[in-house]
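Take a look at the strands first, then at the charged side chains. The walk below follows that order.

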Amino acid sequence: MSIKQLLIGAALLLSTSVFAQQTQPAADVNEKNIPTEAQQYQLAGQLVRYGYQTKSSLPLIQALQIIKSLNVTDATDGRSKEQSGTEVATGLTKSDLVSFDESQLISDATKFADGNKTLLALIKDTEKTTRGRSGGPMRANDRVLGGYTDTWKITFRGGETAYVCVIGDGDTDLDLYVYDENGNFITSDTDGTDNCVVSFNPKWTGVFYIKIKNLGSVYNKYSIITN
Amino acid sequence: MKIWQLLLSISILLSTTSVAQVPSHAVSAPKQIPQEAQLLDMAGKLVSYGRQTKSALPLIQAVQIFQKMGVVDESDSTGLSNPYSTDMLLADATKFADGNKNLLTLIKETGKSTRGGAIKDPTRFFRAIEPGEVIYQHFYAEGGQYVQVIVDGQGEGLSIHDSNGNICMSDLKLTVFDKNSRVIASDNSMGVNCAVAFMSNTSNMTIAVRNAGQLPDNCIIYVYKTPMKH
């Protein structure tokens, strides 16, 4: 083989391998068409934060009722999470008050009710409320350290609108990014809050990487739900 | 140029342009949403949720938030009844309570509550806005006041597909002008929630809200005026 043929071969190989790496994104963005249940979970998350901020029982009761109506269950699909980054050492502390755990919400709502009979009766009613339809969204409650990024590996079904909703404890700004298996960027929510939601349409069933980046200097307790 | 040189050049060119096309993220400053705006937005969503699901509790909670923030309804010259007024919300809550004693007690207690937030009562305007329409709302601010204007559209999540499969939604844009029609602040981000904040000079000001989307919307405009501490 001559030098010329070798050079042509190498160049063609380089260009084709680059093409192969640059695969099509595995999903289309579904901007601004957020499924109702994602919006409702966001609302529940906002109520949780508001309830803890103001030490009020009613927002926690309302949040619980929404979560129950959605039948949010703890994720059992084997999703995994990795942490990366450098912790910001500020020496700052924060109150560890906010919780997205349902039994904790009931207990805190009872505490904040401060003996108010009407509120206590409503809490009891809420405990008794039956859950919504089966096959509701799946949730994981976690925390991301200041300056760190949590990366969740989650499988979404092709042909079904997918959503990811992240709601934090309100102390820092969280940004949410979605990438496909090949590292193609799909969508993000990078506003100045820790209340993020994105929606996209996977073209086929496959793994997606959900990155939650904490832009603050203290940890953030968050709840991530997906369908 | 010989054929092999041409092929080589094309191959290298293709590989470099392919690398250059790998998506990179445009970085823009995050939109900071004032806490008041977040709370009002949450209360607005509770109203929608309560009416959609015919539940009393979200409406009661919304009224309590509006009361806590000291929202004052501005009378509307268009004669449109304000579906966010305390009276209307509690009337709907009573209907949805369906005789539940606990909820009825809570409605009674909420109805008796007085407004809070005496320091910076927001004024609330409720307006309907058609696609392409611009609505105007005038207000007066003293010099040195910190003014926040928040627009909370009710069309969030309400999107439909047209016959070509395109998504149609409402998309509100907010601009505040001074008396000389100079732009003081604007928020042209996508979506139905807008917020701007600025220090005012003594002036009559005008809020302009434009529906740049394809669907009609109802929007609530809140104006906060906070005197600066000396």
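**Strands and salt bridges**

In chain B, four strands make up an open sheet, ordered 3-10-7-8, with antiparallel pairing. Its edges are strand 3 (134–141) and strand 8 (183–187) of chain B, each of which pairs on one side only. On average, neighbouring strands of this sheet are turned by 20 degrees against each other, direction ignored. This is a predicted model.

Strand 8 of chain B pairs with strand 7 (residues 172–177) of chain B through four bridges, in the antiparallel sense. To place the pairing on residues, take B:T175: its bridge partner in strand 8 of chain B is B:S186. Strands of a sheet pair through backbone hydrogen bonds, in either a parallel or an antiparallel way.

Now move to another strand pair of chain B. Strand 4 (residues 145–153) of chain B and strand 9 (residues 193–199) of chain B run antiparallel and are joined by seven bridges. Here B:V151 has B:C194 in strand 9 of chain B as its bridge partner.

Next come the charged side chains. Side chains of opposite charge can pair when their charged atoms come close. Over all chains, the structure holds 10 salt bridges.

One of them joins A:D108 and A:K111, at 3.5 Å from N to O. Both residues lie in helix 4 (residues 102–113) of chain A, three residues apart, about one turn of the helix. Which end of this pair is buried, and which is exposed? A:D108 counts as buried because its relative accessibility is 5%. A:K111 is exposed, because its relative accessible area is 53%.

Chain B has a salt bridge between B:K95 and B:D92, with the closest N and O atoms 3.7 Å apart. These two residues are three apart in helix 4 (residues 86–97) of chain B, so about one helical turn separates them. B:K95 is exposed at 57% relative accessible area, whereas B:D92 is buried at 15%.

Back in chain A, A:E160 and A:R157 form a salt bridge, their closest N and O atoms lying 3.0 Å apart. A:E160 is partly exposed, with 37% relative accessible area. A:R157 has 52% and is exposed.

Finally, salt bridges also link residues into a network: A:K81, A:D142 and A:D150.

Terms used: Residues are numbered from 1 along each chain as its sequence is written. Chains are lettered from A and ligands numbered from 1 in the order in which they are written. This is a predicted model: local features need pLDDT of at least 70, side-chain atom pairs count only at pLDDT 80 or more; totals for chains, interfaces and linings use all residues. Side-chain values use heavy atoms; hydrogens and water are left out. Two strands pair if DSSP finds at least two bridges between them. Axes are lines fitted to C-alpha atoms, for helices over the stretch in contact, and angles run from 0 to 180 degrees between N-to-C directions. A salt bridge is a side-chain nitrogen of Lys or Arg within 4 Å of a carboxyl oxygen of Asp or Glu. Buried means under 20% relative accessible area, exposed over 50%, partly exposed in between (1.4 Å probe, protein chains only).
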